[in-house]
Every structure is written in C-alpha cells, then in structure tokens.
Amino acid sequence: MKNVTRIALALLFAAALVASVRAVQSAVQLGGKEPRRRAVEVTPTAREDVSALLYARPFLLDRGYDHVWRRDVGWVQSGWVLVLEVDPELARPTQEFHPVLYAGDEVLERINHGFPSGRIVAVLPSALDIDGAPTVDLAATPIWFGTPRLPEQVDARIVAEELALARQRGAEPFPADMIAAAANRGGAVIAFPSRDELHRFAAELVLAYAPQEDEHARNMLAPPVR
Amino acid sequence: MRSFAAIGLLLLAAESGAQTAQTGGTSSQGVTPRVVEGTRVELAGQSLLRYPHFQVVRAFHEGSPVEMAIDPSIHPGLVGLTGDVYVVVARTLGEWAANPGLIDVTGGPQTLTISGASIQANTLVIDTGTLSGDAGTDLGVGYDVVVDFDLDGTLGQGDLIDGLDAEAGFYVVRDTTQMGPLAVKEITYSGGSFLGQNTFYPTNIASLGQLPLIVVSHGNGHQYTWYDHIGRHLASYGYIVMSHQNNTVPGSDAASITTLTNTDYILNNQGTIDGGALAGHIDADRIVFVGHSRGGEGVIRAYARLLLDQYVSPNFDEDDVVFISSMAPVTHISSSLSFPDDVNFQLLYGAADADVSGSPSSGSSKPLAFYERAFGNKHCSYAQGVGHAWWHNGATGCTCTGPDLVAKADAHDYELGLLLPLVKLYVDGNVPALDFFERMDEDFRPLGLVGSVITSNDYRQAEALGSFVIDDFQTQTSTPVSSSGGAVVFDVLNVVEGLMRDQDGSFLFSAGVPMNGMTRYDDSGDSGRAVVFDWTSPGTWFYEQGIIPAERDLSDDAFLSFRACQGTRHPETDALDAPLALTVTLRDTSGVESSILTANYGAIERPYKRAGSGAGVGWANEFSTVRLRLTDFLTNGSGLDLSSIEALRFELGGTLGSARGRLALDDIEIIRE
C-alpha cells in the first residue's frame, strides 16, 4: 500500500474516531435523567486528571450513615479519608452535570469541590478487616474522573461501565510508593462517633491541603449548638 | 379589586354582640343599629394617554402622585354635581360606622364638579406624592377616597367612597428594595453534618410572638453564608430566615433532603439555638422555601416529597409550606417527582445565566418548565442581563454571558424588591403586594430597581379559583376551535398550536420548529401548549376568539387576562427589533366594539439579545401577562354590552399595534372576582 494511501486511511480513521467521540459527547449533552441509559463519554486517565494521592487514613464510625452519592444508596461505617490532587477544571462546580469521581467500584464522597485548589478531600467507603485495615486496597483501586452526570444517578451498572472504560483508557492505581507515603501521612485508623465528627475532621484536612477553599471548610466547622 | 356600586349599607349588631366592632359596645342591652351610607366605587388610579384614559389601581409608590376619576357615562346622575374630594386614612366598616367624619390628609379637600364630557374631564390629582407609605413591618399604608357631595364633611348618603371595606381605597407602598425597620441579629451554628445554618431574626423577637420561617437552600458550589442579603432584608420586616448547608454535589434529590432536615432541625432545636432566643417564636404553620440552582430544584422536590409522603416530619407538612421561590433551578429530576403542584410559586430567572443557561440543547436546564407545571398561584420573574450567581451574595463573578449585563446590586434590588411583596402576599395576606404581579412590569415594579433593567412579569392566579378559560390551547388542538369550544378566526400568518417545546436544540428559527424559543418542556410529563403566529408590514391583522354563548355575560366579571411573548430569532421579531404592543377588542352581540391598546400598561419585550445556540441573537421567549379590567372597555360610553360579549380579538399592525412581529399567546381567560 502506498504511503499516501496509508496516510489517507489513517486520516479517515482519525476523522471517524473524532466524529464518534463527538457523537457520544453530543448524546451525553442531550441525555436526560435517571434511570435512562446514557452514552458513556471517553474518560481521561487517572494520571492526567487525578494525578496524586497525598493523604490516606482509615476511619471507623460508631454510627454510620447513608452513602447518598449513588442511586443504589450504600452505607458508610468505615473506609478511607483521602486527599487527592486533581485537575481543578474537572472539579469546577457547576449546576449541570460534572465529572463523577470514582474509586474502583465506588463513587467517592467529596468533602470539598477541589476548585480552584486542585485538591479534593474525599471519603471512600470500605469495610475493615479483622486487623482494622480497609478491605479496599488502594494499590488495586484506580481513582479517576468519569462521565459528567449526577452522582445520585449512578448505580452499580453505571459504575461497572465506567470502570471498564477507565481501564480501557489505562487507568491504574497509584504507585505503591505514593500510596505508602500518603498512608504514612495519614496514620492509623481513627474512630469517630458519627459522620458529624468525620466531616469536621475532613474539613480540617481541607484547611490544610486546600486553603483556597477555606470558606467552605470554615462553614463546615461552624460552632456546634450546645 | 371589584368595581361595583352599592347603594347604602346598613349594619346591625347581632344580639350576641358579635358585631361589637360595628356597634362599639356589647349587646347585652340589645341591638344598636349603626348605618354607614355611601356609594362604593373604584376611584383611585392613574391617568393613561390613550383610551380608556384611566386605570384603577390598588397601589402607588411613595412619592408618586395619586389620581381619581369618575366616568360620567357610568354615573350619569352625578353630572353637574359638585363635591369635596377627601383623602383620609383608611377605616374599616366598623370604624366608619363609629366615625363618619372626613379628615383630609393631603392638605385639604379639593373641589370637583362632575362634567358630562368624559372621564378625562373628571380626572383629578388628589395627592402629589406626599402620602406616607411607612407601614412599619407591613407593606402599604391604606387610604380611602370620599367625594362629599352634600358638603357636610361626613360620609353620608349620596357620597362616593373608594374603600369602606377590609381593603382600603388605595395603598401607598414604600420601596420594597429597602430594608425594613427592625434591627437584625445574625447567627451561624451547626447541628452536625449538613446542618450548618446561618439564621437571621429581629433583635426584638422576644416581643414579636410567632414569626414565619423562611428556609433558604443554596446551589452547587455556593455557600449557605451567601444569602445574607435575603436574611437581613426579610428579617428586618419581621421574619426568621434560616439559610442552611445544602447537600448539592450528589444532586438535587440529595439537596431536597437537606432542605427538609434543616427545617426540622431548627424547629426541633429552637430551644437551644442561640441560647433559646427562637424558642416559641417560629410559626411552623407558615414556612417559605427559597432555593437557588440545584437548591432551586431541591426545594421543589422537597415540597413534592411532602406531598408524596416521601418525607414525613413531626413538625410540618405540605400545607405549612405557603410559598416557594425557586431561583434559576436546574431540571435534573423527572417531572413526576419534581413539581410545584398547587403551592404558591415563583420562578426567578436571569436571561444571562451562563450555568443554568436555558439553552434548548441542555437536557437539565429548563427552569421555565417549572412555571408551566405549577397550577397554584404562580409567578415568573424574568430579568434580562442577570447571571446565575447574582441571586446570591457570595464574592464571585456573575456567571453570566450576554449584552447589557446587570450589576449585582441591581439584580438584588429585583430579587428582594419582589421577594418581599411575595412573602407579604402569601404569608400575611397583604393586599397591595398583588399589584407588583397583576400589573405589567413597566406599570408597577420595585421602586428602587433601576429603570434600565428589562424584566418580564408572568402571573396566573390558581386554577382552583375558577376563571373562565377562553383558550389555554391544552385541548381542542386544531386552530379554528378554542379549548372552550369557541370559534377561532384569524388572518395572521403561520398559525400553529403546539407544545411549548423547542425541539431542535437551537434558538435559530426555522419553519419546521414553530415553537422556537419555547424552552418550557423538559420531559414527557410537561404538557404546556400555546399558539404562535406572525404578521408583517404593511397592513392590519387579527386573531379572534369567539366566546361560547353560555359564557358571554361578563358583566359580573373583573378582568380579561392573557399572556404573550415574542418569538425569538423569527424574521419578523428581528425586523421589529423592539418591544411589542397590540390592541385588544371586545365585540358584543350587537356588533358594538371597544378596544384597548396594551402599550398603555407595558410592553411584550423583545427576547434578550444573547448569542449562542445557533446563528443570530435572541434567547428564550419571555412571557408577560396582560390584565385588562373589563369595565375599562365601557369608558366614556363606548356602548359595549358586557352582558353579551361574543368575541375577543387581538389586533396587530398599522395603528393597532406593532407593525410586524411573531407572537405567542396563552392562558386567555376571564377572571372572576
């Protein structure tokens, strides 16, 4: 095959690929509501948009709470508190759909938006094993931004689709040394009576890691009613 | 306000003493009759340049002149009589009975001799703008107007009075954009996760009894401390305002839960919040929800949850939510779960919104659909040039795009200037507040709102109040028949009745998308319909609705109401490139006609000249409600017989209205009062 022909074919293929991506994106923008099936947008890889894990600490609650960050509402009794470095533009809050933050087969609960700081404090629900370690192994769990939608519209089927697409695009867990450093900064499992104390703890992490969002953190830390 | 003549009113005290207000004493000694005599008529209003030359109104801004007028064709027996015109502080029926004396508050009565020529000849400025509108925490100071024909300085037989009722003759209102008289305390506290609250209340709350509760639910990326402007404003008028931490990031459904849990929290903990300052002072029977953005849909969803028993509170239910204001809401949730139902409802929205843009290509940005879904008393307050962020008071940009952008302070004047009368109306039953919504925007708007802000005011009273709907285009969908079964004839062009849905994702007009610019459909549960048509220059054109025989007697009815908007980016809209006016004509069965030009009261605005969503400029279609008093069609002896009206005709072109244009009409109805 002549080079010109190869080049032409490559260009045609690229054009078709771009057109298909745009078609998918257009379908996403015109998409509606739960529980309709949505076309899944091409997802970015973890390295580009969720670029680092800065902090990781296991936690345990006496009283758990509903994990309303997905349609098939889960339960949070224990898990990880994480601090992630992200592309702030993907974290910019909007009223329309925005990229959902996933970790493995779970939707992360975001404590702060991550804009303009580029740092997100998040809660990853996970059971704990008999040693008190989360059963969700960060070394085996990719974390990435998925298709723009509302987290409360996400169910297990959508999570599975997003995870498969993310892996196709090369999403991988963070390197072991990064995870170890983050866990070292976090420390041993910490116990709280309830979500109230967990969120106040997480708000302090926002102040430490995302000071540009200090107003949000301070509003979370409003004096408790006595 | 009713327009009728009553000849003498006789009051008798019941033997049980129930009418003590009228009698001035108990009835243990028997019945003591008191007579209040006088003919009740609508007198106060403002003159108009064109026919009908005068309109009766309920409210005047402080500093504005007040006029009165008498139509000699309605009151022929008064022609030639001379009377003293008094403006007095309003009195109830009982107060008039106890004291019929006339004390003028404008500097002395004026003299008026009734001319037989015209209403214009009997129009008098009765106050040049001296009357006070300072009602404290209330809205509007009431005044009555008396024409004392027997010149005895008392209200008596043969005199005319505008008033003599629970409703005053007219009201003078202070600038609703200005703070009220009460000092306000602000507190911030947390009851736990997503129970952070920023609450405002009058500092003298201990002496104020129970106060209504305003709950404010923010949008995504916003803070609950960004609504202090609403808090201070309403608290200064005697309300408790609580703005809460809202769980918006998962979505509007999660936000709806936090609206409800925070309402419960403040009600359950009023004994401990701020040392118990609120204890016993929150009226859980009068709750208002105000939401912004995802919180704007959230408060609607919260109300629907109460209706559907998807949230059960020990403290309140849906009947206690007396009003909802939704500011630039998203439409993420299905219409079957997110609907205002028959609650008193306001949609507040800016045409320059760059987040909840209202673009026809967005699947979750159709705020105007919520107005169409509502069937209680409903309001759409739409401002050109206002962005998404201007409804809060955070230190952010406007989140806006488009020409002639409005400054934050002006957007707040619009927001607060309307929110106060709405709360007064639906929480307290305030009478003059309704003028902000029954009258077109240019006719009566918040006094402090700068004149350059272009706004549209769409208002419809609750369907349950039983107006006669001539045509709402919901049924009888063929163009020659109205929904009430009357014949529709027209010579305007391209008449189409259809769903108010712009279905091609673009604001660019094409003949295949006649409902271009109608972003009032979000999902299959939305069913609002209208008619559209156009006309061109030169020539005059008409669109006429026949009144079915059973409904032709309008003599006891109050108003003709309809709503209208220009069609965005249509060639005739672009060619007109201006606000639009039309003539409304009534014809009786004898062929007598009377016509009124809508330009008397305001304009059907040109859609906001925002680019995007296709070639050209022009954003979503902006409905305005036009409400015409039926008796105005009788002015100066028109000869029209209101008891036998066979047709209503909209006339366009030439001297009848705008020379060309593209118009949508909807909700054409007769208001009964």
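Analyst: Contact here means that heavy atoms lie within 4.5 Å. In this structure, which is a predicted model, 43 residues of chain B are in contact with 31 residues of chain A.

User: How much area do chain B and chain A bury between them, and which three residues of chain B supply more of it than any other three?

Analyst: Buried area is what two parts lose in accessible area on being put together, summed over both. For chain B and chain A this comes to about 2900 Å², with 46% of it on carbon and sulfur atoms. Of the area that chain B buries against chain A, 21% is supplied by Ser193(B), Val249(B) and Pro250(B), more than by any other three residues.

User: How many salt bridges and how many residue pairs in polar contact are counted between chain B and chain A?

Analyst: The count of salt bridges is zero, whereas 27 residue pairs are in polar contact, both residues being at pLDDT 80 or more. On the side of chain B that touches chain A, strand E13 (184-190) and helix H4 (252-268) each supply at least two residues, and the largest share, four residues, comes from H4(B). By class, that side has 12 nonpolar, 26 polar and five charged residues.

User: Why does the end-to-end distance of helix H7 of chain B agree with its length?

Analyst: At 1.5 Å a residue, the 21 residues of H7(B), 408-428, should span 30 Å, and because its end C-alpha atoms are 29 Å apart, the two agree.

User: Is H7(B) mostly covered or mostly uncovered, and what follows it?

Analyst: H7(B) is mostly covered, with 17 of its 21 residues buried, and Gly429(B), whose phi is positive, near 70 degrees, follows the helix.

Technical notes: Residues are numbered from 1 along each chain as its sequence is written. Chains are lettered from A and ligands numbered from 1 in the order in which they are written. This is a predicted model: local features need pLDDT of at least 70, side-chain atom pairs count only at pLDDT 80 or more; totals for chains, interfaces and linings use all residues. Side-chain values use heavy atoms; hydrogens and water are left out. Buried area is the accessible area (1.4 Å probe) that two parts lose on being put together, summed over both. A salt bridge is a side-chain nitrogen of Lys or Arg within 4 Å of a carboxyl oxygen of Asp or Glu. A polar contact is a pair of N or O atoms within 3.5 Å; within protein, one must be able to donate a hydrogen and the other to accept it, and residues adjacent in sequence count only if both atoms are side-chain atoms. Ala, Val, Leu, Ile, Met, Phe, Trp, Tyr, Cys and Pro count as nonpolar, Asp, Glu, Lys and Arg as charged, and the others, Gly among them, as polar. The expected span of a helix is 1.5 Å times one less than its number of residues. Buried means under 20% relative accessible area, exposed over 50%, partly exposed in between (1.4 Å probe, protein chains only).
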